[in-house]
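Good morning, and thank you for coming.

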Amino acid sequence: MRTMRDVLLRSRRFGERVAVRVGDEQRTYVQLIDRAARLARHLRMSGLEPGDRLAVMVEDGIRAVEPHLAAHLAGLVLVPVNARFRSAELDHILRDSGASGLVHSTGVSRIVDASDVAPGLFRIVTGGAASADIDSGYEQLLSTGPAAPPEITITGESLAMIGYTSGTTGAPKGAMMTHDAGMAALRANLVAFRVVPYGACAFSGSISFTALLWAFVYPHLAVGASIDFLQPDLTLDRWFDRMEQHGSTFTFVPTPYIDEFAQLAQCRPDAIARLAGVCHSASPATVDQRRAMVEALGPVYVESYGATETRAAGAAAATRPAGRGPRAPGGPATIGRPLAPADIIIVDEAGRPVPPGVTGEIVIDSPSLFVGYWDNPEATAAALPDGRYFTGDLGHLDDAGFVYVDGRRADLIISGGMNIYPAEVEGVLAGLDGVADVAVVGVPHERWGESVCAVVVRSAGAVMTAEDVIGRVQANLASYKKPTRVEFVDALPRNANLKVMKSVLRKSLG
């Protein structure tokens with residue numbers, strides 16, 4: 001299989017097995033692929049040609065995955081757009097990608113209508129997220145007529161998707177992924193996330209998050225598994241009820257749910273009995289949180305590492321079941337070892353490999369890498385100077401080859417010539433009673449050039465002073481790492497992918 005189109009056409013052989021389920025609604029594999037094929041035919045008959053870019057901005061629901069599959073069946077370049085985005089964010093992606101068409105759900109119509117670009121594109125409305133909110137035209141289109149996909153010619157080198165980065169430090173860039181890279185990511189993720197053929201995935205994430213398609217959705221569809229989409233009505237109790245009801249073999253735990261998931265897992269053994277893989281990824285979790293997941297779940301817990309540019313959240317590195325191979329000296333602090341055939345190298349500022357234990361930039365060499373940023377040769381040259389991806393993340397290896405992430409290069413604080421990694425300070429403060437959320441950034445300092453500023457969100461009812469925050473760091477880390485400034489705020493600025501926008505935070509601090 002060379003392309004995602006090949007994967008989808010082969011998956012139709014799973015017949016009457018349930019492919020996707022949302023609440024009480026479900027689609028068999030035959031129904032899902034046939035509906036996607038009819039949409040693909042309509043897209044082609046409407047004038048879109050292989051290689052054209054199709055933006056998809058849909059809310060979670062029973063129809064959410066169909067436009068994504070249709071793009072692949074039609075040979076179009078998929079451009080996912082987060083359904084939480086506003087008109088200006090949508091316009092940037094539509095303009096930058098040169099999209100020819102847009103498929104969107106009813107619930108984002110107001111955003112689309114306010115766009116400067118979208119009204120001029122070919123558009124299809126899928127209906128809303130709720131099962132009762134059906135667009136009759138869309139349903140008629142996908143329920144009748146020939147189900148054979150259009151005849152097209154694409155290769156492994158053809159573009160499959162342009163995935164836009166989170167944009168925490170500037171305008172999002174479009175990372176181009178070929179079908180070859182997508183297939184490499186799919187194969188790696190089948191192994192990394194222990195996907196069970198004919199299993200059951202409790203999908204707690206949102207279809208809006210680009211990486212989750214290739215990390216979890218597509219691998220499960222490739223092996224005949226059933227995917228239970230838990231959004232948009234996700235609660236912890238319903239999540240565990242559905243895992244128990246359907247015998248889930250895999251689930252994904254976003255960081256905001258990690259504490260409660262670990263606690264409930266201890267109380268609901270029947271719900272987690274068949275799990276072969278439970279993945280946490282995308283945004284950082286503390287060592288204590290990871291340790292709690294290991295204690296609650298044992299060897300099925302997976303910590304992974306990746307980026308939009310490596311395609312599919314974690315194809316670069318992942319942890320392995322305990323007892324298989326050497327154990328990491330750092331325990332839950334690691335994000336695993338490189339996932340073959342990917343390789344991870346730590347380099348200094350001159351691009352030279354550094355020895356174990358020395359922090360440098362994380363560089364990834366993998367067949368699932370992106371091939372460059374769309375229409376941005378300067379950014380491409382900076383990120384892929386020699387065909388390897390210079391991530392901008394700082395990290396180190398230990399003697400056994402396990403990888404540790406220390407933070408972002410852009411967030412590194414240099415105080416009096418000493419390097420301070422915000423993630424280390426944030427990890428210490430996250431364990432302080434009364435801290436609901438925290439971010440650490442560098443601020444100007446007359447004597448040291450830069451020093452640490454801790455921005456803290458207190459838990460409800462917590463009484464906490466700046467001295468408490470400073471004292472916590474000073475008791476656990478070298479003195480030069482302690483904050484010289486502490487700010488208490490109601491919430492940290494986050495983008496639509498829930499990542500803290502530290503550039504915005506620094507500007508707000510003056």
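Let me start with a definition: helices (H or I, at least four residues) and strands (E, at least two) are DSSP runs, numbered from the N terminus. This is a predicted model, in which local features need pLDDT of at least 70 and side-chain atom pairs count only at pLDDT 80 or more, while totals for chains, interfaces and linings use all residues. Residues are numbered from 1 along each chain as its sequence is written, and side-chain values use heavy atoms, with hydrogens and water left out.

I begin with helix α3. After this helix comes Gly-75, which has a positive phi, near 75 degrees. For what follows, buried means under 20% relative accessible area, exposed means over 50%, and partly exposed lies in between, with a 1.4 Å probe and protein chains only. How many residues of helix α3 (residues 66-73) are buried? The count is eight of its eight residues, and the helix is mostly covered. Among them are Glu-66, His-68 and His-72, together with Leu-69 and Leu-73.

Next, please turn to strand β7, residues 159-164. Because five of its six residues are buried, β7 is largely enclosed by the rest of the structure. Two strands pair if DSSP finds at least two bridges between them. Strand β7 is joined by five bridges to β8 (residues 174-178), and the two run antiparallel. Within this pair, Leu-159 has Thr-178 of β8 opposite.

Ala-400 is found between β19 (389-397) and β20 (403-408). Is Ala-400 buried or partly exposed? Ala-400 has a relative accessible area of 26%, so it is partly exposed.

Finally, I come to an open sheet. It is formed by three strands in the order β23-β24-β25, with mixed pairing. At the edges are β23 (435-445) and β25 (483-488), each of which pairs on one side only. Strand β24 (residues 449-458) pairs with β25 in the parallel sense, over five bridges. There, Val-452 stands opposite Pro-483 in β25.

Contact here means heavy atoms within 4.5 Å. Axes are lines fitted to C-alpha atoms, for helices over the stretch in contact, and angles run from 0 to 180 degrees between N-to-C directions. Helix α15 (residues 502-509) lies across β23, β24 and β25, at about 65 degrees to β23.
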